[in-house]
Amino acid sequence: MTNLKTDAAYELFEGLIRGSRPHLSRAISYVENGAPGAAELLSHAYKARKGAMLTGVTGSPGVGKSTLVDGIVSELRKAGHTVGVIAVDPSSPFTGGAILGDRVRMRQGHSLDQGVFFRSLATRGHLGGLSRHTGDVVALLDAFGFDHIVIETVGAGQSEVDIMRYAHTVVVALAPGLGDDMQAIKAGILEIGDVFCVNKADLPGAERTRRDIEMMLAMREPGGWTPPVVSSVAVAGKGLEGLVGEVLRHQTYLVSSGLLRERNRGSSTAVLEEYLHLLTVGKVMESASRDGSLDAALDDLVEGKSGPMEMAERLLRRYRE
Ligand SMILES: Nc1nc2c(ncn2[C@@H]2O[C@H](COP(=O)(O)OP(=O)(O)O)[C@@H](O)[C@H]2O)c(=O)[nH]1
Ligand SMILES: [Mg+2]
């Protein structure tokens with residue numbers, strides 16, 4: 001039935017559909033590296049998705065997202081779910097230095113568990129805090145058959161907004177003493193959170209942070225889903241059952257209210273836009289820089305011989321095909 005171009009892509013797709021983790025690993029690298037046949041592999045993977053629930057965890061650096069994700073994974077495993085984790089990270093978890101040290105240790109707690117798969121993706125070269133391949137890797141994990149997929153963002157500006165385009169449920173993590181309550185308002189984080197988690201509840205100021213969030217949430221328009229606020233001490237494994245309970249309750253709500261379909265359309269829009277961009281802007285820039293006309297065009301623009309709009313139209317006409 002299948003007509004994958006290259007043997008390698010064919011083997012990878014068959015393997016991951018069969019549930020082979022080494023094949024899944026290699027398929028992700030294949031896609032990240034843009035190997036020949038990656039497009040075909042992905043096209044099959046997108047069609048073979050099984051409908052995993054997607055949870056995004058976002059928040060400022062240092063609030064405890066990685067620690068929370070480990071706890072969320074443990075709770076989901078206890079409930080019998082399999083979990084694929086994507087950490088979008090500007091640095092490798094194995095070379096990231098002191099802060100990441102305990103995170104590696106915790107991850108090792110899951111490393112022998114066949115029901116958990118962890119992968120970190122580089123943000124390199126992509127605007128915002130999500131890797132260009134986030135949507136693609138989600139599709140591979142979904143086709144593989146994980147019940148849940150959890151994405152941790154870098155927690156820097158745009159990634160908070162980006163993640164809600166992919167996730168079914170957005171968990172916004174905050175911590176006392178980081179000025180996060182103020183940051184939350186600024187970044188518009190209140191608008192995107194489905195569940196709020198005040199982590200580091202063992203530190204002073206946690207109650208205050210929680211009250212601030214609750215107060216601000218109370219000013220939202222009533223109706224629909226009311227985002228709950230939970231507290232946690234992720235390092236001690238406290239409050240995680242409650243957090244995961246709220247995440248699952250939100251996902252049940254999405255299904256029963258029919259909003260799941262809407263969110264899926266949202267993430268499909270995000271992926272479609274990525275590909276349209278790649279096929280138009282990406283293609284034009286590549287072709288034009290290869291034959292030197294990009295250089296010439298930029299000279300014209302700098303010297304005022306041409307306007308950006310007419311130049312864009314000219315390049316688009318010439319290179320679209
Ligand atoms: N006191 C306290 N520290 C925590 C808690 N959760 C995480 N941490 C610590 O906060 C630091 C940052 O955690 P990490 O999970 O890497 O945060 P991320 O940058 O948001 O992913 C680490 O040293 C954690 O051990 C908590 O509940 N209480
Ligand atoms: Mg982290």
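1. Val 85 stands opposite Val 150 in β4. Strands β2 (residues 83-88) and β4 (residues 148-152) pair in the parallel sense, with five bridges; pairing takes at least two DSSP bridges. Strands here are DSSP runs of E with at least two residues, helices are runs of H or I with at least four, and both are numbered from the N terminus.

2. A quick word on what you're looking at: this is a predicted model, where local features need pLDDT of at least 70 and side-chain atom pairs count only at pLDDT 80 or more, while totals for chains, interfaces and linings use all residues. Residues are numbered from 1 along each chain, chains are lettered from A and ligands numbered from 1 as written, and side-chain values use heavy atoms, leaving out hydrogens and water.

3. Now zoom out to the open sheet: its seven strands run β3-β2-β4-β1-β5-β6-β7, with parallel pairing. β3 (116-121) and β7 (229-231) sit at the edges with a single partner strand each, so one side of each has no neighbour in the sheet.

4. Helix α6 packs on this sheet and touches β1, β2, β3 and β4; contact means heavy atoms within 4.5 Å.

5. Which helix does α6 (residues 134-144) cross at roughly 160°? That's α2 (residues 21-32), and the two axes come within 10 Å. Axes are lines fitted to C-alpha atoms, for helices over the stretch in contact, and angles between N-to-C directions run from 0 to 180 degrees. The pair is therefore roughly antiparallel, the word for angles over 145 degrees.

6. Who meets whom? Residues in α2, including Leu 24 and Ile 28, meet residues in α6, among them Leu 140 and Phe 144.

Definitions and conventions. Parallel < 35°, antiparallel > 145°, perpendicular 65-115°, else oblique.
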